[in-house]
Amino acid sequence: MATTTAESASTAPLQAAAHGDRDSRSLVFLGLLWGSLAFGIFALGVLLVNTFIEGSGRLDLMLFVNYTSQLFPGKAGARAAILGSLMVIVVTALLAVPLGVAAASYLEEFASRENRFARFVELNVQNLAAVPAIIYGMLAAGLAVTVGLPRNTVLVGAIALALLILPVIIVSTREALRAVPREIRQGSLALGATPMQTLTRQTLPAAIPGIATGTILALSRAMGEAAPLLLLGGLVFVTYDPNGLLSGFTTMPIQIFDWAGRSQIAFRELAAAASMVLLVLVLAMNAVAIIIRNKFTTSR
Amino acid sequence: MSTTMQSAGPSRQGGLRPSSAPVTLRSANPRYGEKVLLGFLMLAAAVSILTTVGIVLSLIFPAIAFFREVSIGEFLTSTSWTPRFADKNYGVLPLITGTAWTTAIALAVAIPLGLGAAIYLSEYATPRVRKIFKPVLELLAGVPSVVYGLFAVAFVGPVILKGWFGIGVGTYSVLAAGLVLGIMIIPTVASLAEDAMTAVPRSLREASYGLGSNRMRTVLRVVFPAAISGIAASIVLALSRAVGETMIVAMGAGSQARMVAAPTEEGQTMTGFIAAAALGDSVQGTTDYNTLFAVGLTLFVITLLINLVSIKLVNRFREVY
């Protein structure tokens, strides 16, 4: 038992006490642990299969090209919602990514430990990361009223979602920057680059894979989020394409929420079909993020 | 501004310049562009402070208007919430009760399963297994909450609870919503708890093995206690997620605000009320509209308190190892 310790010391898991784990209590314990993990994965599988079975009947072309309908669920589609989601996500990314990367760069590369402004920003970021999503909707609605914009516009929706995911982008960008080897910065500074040049030409480019991973995950969250947008009002029945920052819009999660809440079974089927489309988009984004992460963590 | 930039940056990265030596290597080029850029970075950082301020302001003004009409005493102690009825009552307790039920059920699911998965991934799984299953488990947090909501109404309630287990739930119940909410926050518990356990130094485990403990004993008596503040933080964070989650409870728990006495009943949570009320077109400035913000403020204050505890715990566990 003890002899293997030295050999395995360099590998990740400790195999040392494996032989001590043969008594029944340990095996039951291990079974429970394994069961916990398996339950989560099983639940994910059931959710996917169930959504697919319920929605498969309406996973057709009409879902993509038609607008929603009050009376004819058989012909209704999520066209406005699909276009709206894509448009809002692009605007959200344009708002949140530069701000998030800039804020993270400041906190990680320029602010010292004693900088009180930076500490206060950090505390805010930590808290905002756990503020309920629906509160961001109230903020965006309040903001829109203050500056006199109509609430139910692409721009206001994107602001709500961008502020929602900003803390996530800041935290993951900081982690990515922290993972860049110190020698790269030292080398750059030693060659006479200013700290700002070091950031823009060395540190940030080296951190791009990590930043991309965090950003894609954050955007996939924004893509699936409905709660803050509910507060913008007037989003549940939209039968036109969004055509600009100040255009009215709806998104897929909102459309699904609306359909799922109607009493006819055909609408629920439609909700499940739209859920499949949303799941494919969101899970694909997650998969891309994980692939980027795995690729760049193994090659380093 | 330029001195902070030049001296603070590098010294944080591990003392590139001897800290005692004065900074004399000033560039002849003033580099105004860089100063502007640094200004932009600081401004971006300040956005998060502005966001907090914005949240507080956008909640507090309608909430103050609300409390001019309704006494704080009634709001916090009355057990009847009927803002939409002719006989209006504004007691927030039914909504808090609803939130408490869904949250408690969710945590009852997520704490054991999340910690179990975390222990397995950090202490038992080979790197290969971990590399496959960790991202798969984290996908649970990536599934949109409306899809979970649909799952709760269409499957967990009618098929699993009623069909398979014969539990007398209606279309909506805090039980179905709470269970699905619990599944959603499993990765929240698992991720942070796993980080905390992985951060426990190897030497502690080796000392335990050296004294003759097997792996189960080492996990339960050494690793788990050593990682307790991180584990606590993971639970508190999950608590905050559960309290603030909207779509699952809005779709699955029902829309009747009442003092829920049993998990099979339907009930309305704070977030569920905000979502339902936001759908009805309340005109800005009316008590109806302000009610939303009074509940929003209550929700914000509750989650803020939870978050501050969680931040404190996270910072503590980061300091330990």
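Reader: What should I know before I start?

Author: Residues are numbered from 1 along each chain as its sequence is written, while chains are lettered from A and ligands numbered from 1 in the order in which they are written. This is a predicted model, where local features need pLDDT of at least 70 and side-chain atom pairs count only at pLDDT 80 or more, but totals for chains, interfaces and linings use all residues.

Reader: How do I read burial, and which residues of α12(B) are buried?

Author: Count neighbours: a residue is buried if 20 or more other C-beta atoms lie within 10 Å of its own, exposed if 12 or fewer, and partly exposed in between, with C-beta atoms placed from the backbone. By that count, 50% of the 300 residues of chain A are buried, and 52% of the 321 residues of chain B. Helix α12 (residues 270–279) of chain B is mostly covered, with seven of its ten residues buried. They are B:Met270, B:Thr271, B:Gly272, B:Phe273, B:Ile274, B:Ala275 and B:Ala278.

Reader: What about contacts within and between the chains?

Author: Two residues are in contact if their C-beta atoms, placed from the backbone, lie within 7 Å. Take contacts in chain A between residues at least 6 apart in sequence: 73% join residues at least 24 apart. Between the chains, 89 residues of chain B are in contact with 91 residues of chain A. Helix α2 (residues 32–69) of chain B gives the largest share of chain B's side, 18 residues. That side divides into 55 nonpolar, 27 polar and seven charged residues. Here Ala, Val, Leu, Ile, Met, Phe, Trp, Tyr, Cys and Pro count as nonpolar, Asp, Glu, Lys and Arg as charged, and the others, Gly among them, as polar.

Reader: Which residues touch the most other members of the largest nonpolar core?

Author: A nonpolar core is a set of buried Ala, Val, Leu, Ile, Met, Phe, Trp, Tyr and Cys residues joined through C-beta atoms within 7 Å. Of the 199 residues in the largest one, A:Ile165, B:Leu150 and B:Val180 touch the most other members. Not counting residues up to four places away in sequence, B:Leu150 touches A:Ile256, A:Ala260, A:Ala271, A:Ala272, A:Ser275 and B:Met251.

Reader: How do I describe two helices that cross?

Author: Axes are lines fitted to C-alpha atoms, for helices over the stretch in contact, and angles run from 0 to 180 degrees between N-to-C directions. Angles under 35 degrees count as roughly parallel, over 145 as roughly antiparallel, 65 to 115 as roughly perpendicular and the rest as oblique. The axes of helix α2 (residues 24–55) of chain A and helix α4 (residues 93–124) of chain B come within 7 Å and cross at roughly 110 degrees, so α2(A) and α4(B) are roughly perpendicular to each other. Their contact has 13 nonpolar, three polar and no charged residues.

Reader: Could you show me a pair inside one chain?

Author: In chain A, the axes of helix α7 (residues 154–178) and helix α9 (residues 195–224) come within 8 Å and cross at roughly 150 degrees. Therefore α7(A) and α9(A) are roughly antiparallel to each other. Their contact divides into twelve nonpolar, seven polar and two charged residues.

Key:
Helices (H or I, at least four residues) and strands (E, at least two) are DSSP runs, numbered from the N terminus.
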